[in-house]
2 protein chains.
Amino acid sequence: MAQVTLRDIADHLSMSVSTISKALKGYADISKETRELILATAEEMNYIPNASAVNLRTKQTKTIGVIVPSTEHQFFSKVLSGIIDEAEKYGYLVIILQSNENYNTEKQQLQLLKQNRVDGILISLSNETHRFEHIEKLMKEDIALVLFDKTTKLLPCSKVAIDDRQAAYSAVECLLKKGYKRIAHFRGPHIPQLSIDRFLGYKQALIDYGIPFDPSLVYVCDNNDDFKDGYENARLLVQEHKDVDAIFTITDVVAVGVMKYFKDVKISIPDDIALFGFSNWFMASVVTPSLSTVDQPTFEMGKTAAKILFEEIKALKNKVKIEPREIILPTSLKIRESI
Amino acid sequence: MAQVTLRDIADHLSMSVSTISKALKGYADISKETRELILATAEEMNYIPNASAVNLRTKQTKTIGVIVPSTEHQFFSKVLSGIIDEAEKYGYLVIILQSNENYNTEKQQLQLLKQNRVDGILISLSNETHRFEHIEKLMKEDIALVLFDKTTKLLPCSKVAIDDRQAAYSAVECLLKKGYKRIAHFRGPHIPQLSIDRFLGYKQALIDYGIPFDPSLVYVCDNNDDFKDGYENARLLVQEHKDVDAIFTITDVVAVGVMKYFKDVKISIPDDIALFGFSNWFMASVVTPSLSTVDQPTFEMGKTAAKILFEEIKALKNKVKIEPREIILPTSLKIRESI
DNA sequence: TTGTATGCGTTATCAC
DNA sequence: GTGATAACGCATACAA
């Protein structure tokens, strides 16, 4: 059974298609009676407008695209939830794509979204992405774009993120104030701004507190398996630096990997080594000992990014120039048993 | 800058639109030279087909819709990942909607997807959904539909799920074999088939092992906050039934809530009470003590559901009648420290 | 091998 | 107040 069209309703009522269309859209120049008749008939015939036809005519799809490195990542799934919720309020649909931290995939997916003429795009950059032509190209066209979480300073578009550097600084500062002196950092991959910033925050805090920065205390987690990275790096650390008294990790899962290793080799947290995570995922509160970490407004980040995107879509539609904005969401420390 | 159309290319090359169209689609009746010229020009002009126009013509959108109760739920985010990955292979885009366990929302979202003429729909039913007219209506139209995870026996469409009853049976059987005799069950809400089935598996195991079923040992988790449900029900249980020696929970997060309460009141797991979860989420392996649970193929469920959906979309397109299938994915027990 | 004509379902401008 | 008519961008049957 094919879908009912305006034509079908028109035929059924022996009226013209344009009359039906106008009545359905509440135009003033249709008499109340006919309008009501048409509305009732449409309802009865189970009419549903064909979005493709509408898109073609109106040149807007009421759809946005979102590219994230991975949907199953707890952080992103929560952001997505925020985005989808917000989109629904605005009557927008959300197409979700995962780049798997791959630059080429990300690039291709942008094409796909363009092909579908989405009204706007939200991206959290892949770890691999260090060239931005694909995005710059996009920005020159009539398509709104907002970066979130994994952003870059090299792109003059709106962004929603946290102050990773400051947040990391606070975390390490907290360790320092507690008296820890030999603090290692399990950092993220080299490209993403976010992992650079957290590293810089770490370094700065050490310097500010008169602790010499020791590069050999920085371990990189770049195997796309944070838990394992944490576990392995913990193993290495214990071999190489017996004097370390605290670790600040790029993310909670890394910290949980560390905990696992320490549990296996009977190193006690925080007595032997303290541990500070980042993200405040659910698991941070339920592991033993519970994990001190940096709380970031995840759901809010999604909502905010979406909200800004919709504003830009609206501006674009009205041919108003958009001023790129950078929203920094507040973070806070969750102090728990691990320090 | 408006998007380049076939017309633009045609004008640029002084050819007809249809020639361009055919060349781009690789039709045989275009000479190799012109085709190559056209391909090069299209590339150069940065032509990207307008999906809305194509949809309108071809009556397929190469898009599927997915409705889940919540994307931030770890289980669903993993399923979604499987769906998106699989869709990408088939060249399909995925629109994701969350019903928030609300029947009316689910119903409305189905309308939205119809409006967008998606080629197929995947749904995991909301906990509230106990009427299925909205879905039955859909099934009568040219739109493929596959249920996953939260399915129902009342709908004659394809389904992908696990054997919840059997899986729950195995878990409880495992507890019984270990010698636990007074086993409570923290069940899910009353409507979803899945929580009914897990409950039935629990009950059956007891009966088969000669333990009388005691309804007062069954606690319901229906506040949409599994952790809290677990925590609160644990509190109640301890008050009401001091003799219970094991708990089987509907899901891991509930179990983690239980663990938290027990930790707070110094009840030892598994010495005082054993604990068995369901889902094998990441956290199950990292809490202390680690949680015994039922492992289910989450990512696989998404992939499988998508795969079946695409088969049905294909069948529908070729006007082949589709035979509903029910795929049961295998589960297994993960025995850890909590029992 | 290429071009012409038509229609997909809708919106919007213009007559009547 | 209502109805032709054209246009959105593309695909395809058919004519040349």
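How many residues surround DNA strand C, and which are the closest? I find 26 residues around DNA strand C, the closest being Arg57(A), Ser18(B), Thr19(B), Lys22(B) and Arg57(B), where near means that a heavy atom of the residue lies within 4 Å of the strand.

I note that this is a predicted model, in which local features need pLDDT of at least 70 and side-chain atom pairs count only at pLDDT 80 or more, while totals for chains, interfaces and linings use all residues. Residues are numbered from 1 along each chain as its sequence is written, chains are lettered from A and ligands numbered from 1 in the order written, and side-chain values use heavy atoms, without hydrogens and water.

Of the DNA strand C atoms within 4 Å of the protein, 60% belong to sugar or phosphate and the rest to bases.

I then turned to the protein chains. Their contact (heavy atoms within 4.5 Å) takes 53 residues from chain B and 53 residues from chain A. The buried area (accessible area, 1.4 Å probe, lost on being put together, summed over both parts) is about 4,900 Å², with 54% from carbon and sulfur atoms. Glu72(B), Leu93(B) and Arg117(B) supply 13% of the area that chain B buries against chain A, more than any other three residues.

Methods: Buried area is the accessible area (1.4 Å probe) that two parts lose on being put together, summed over both.
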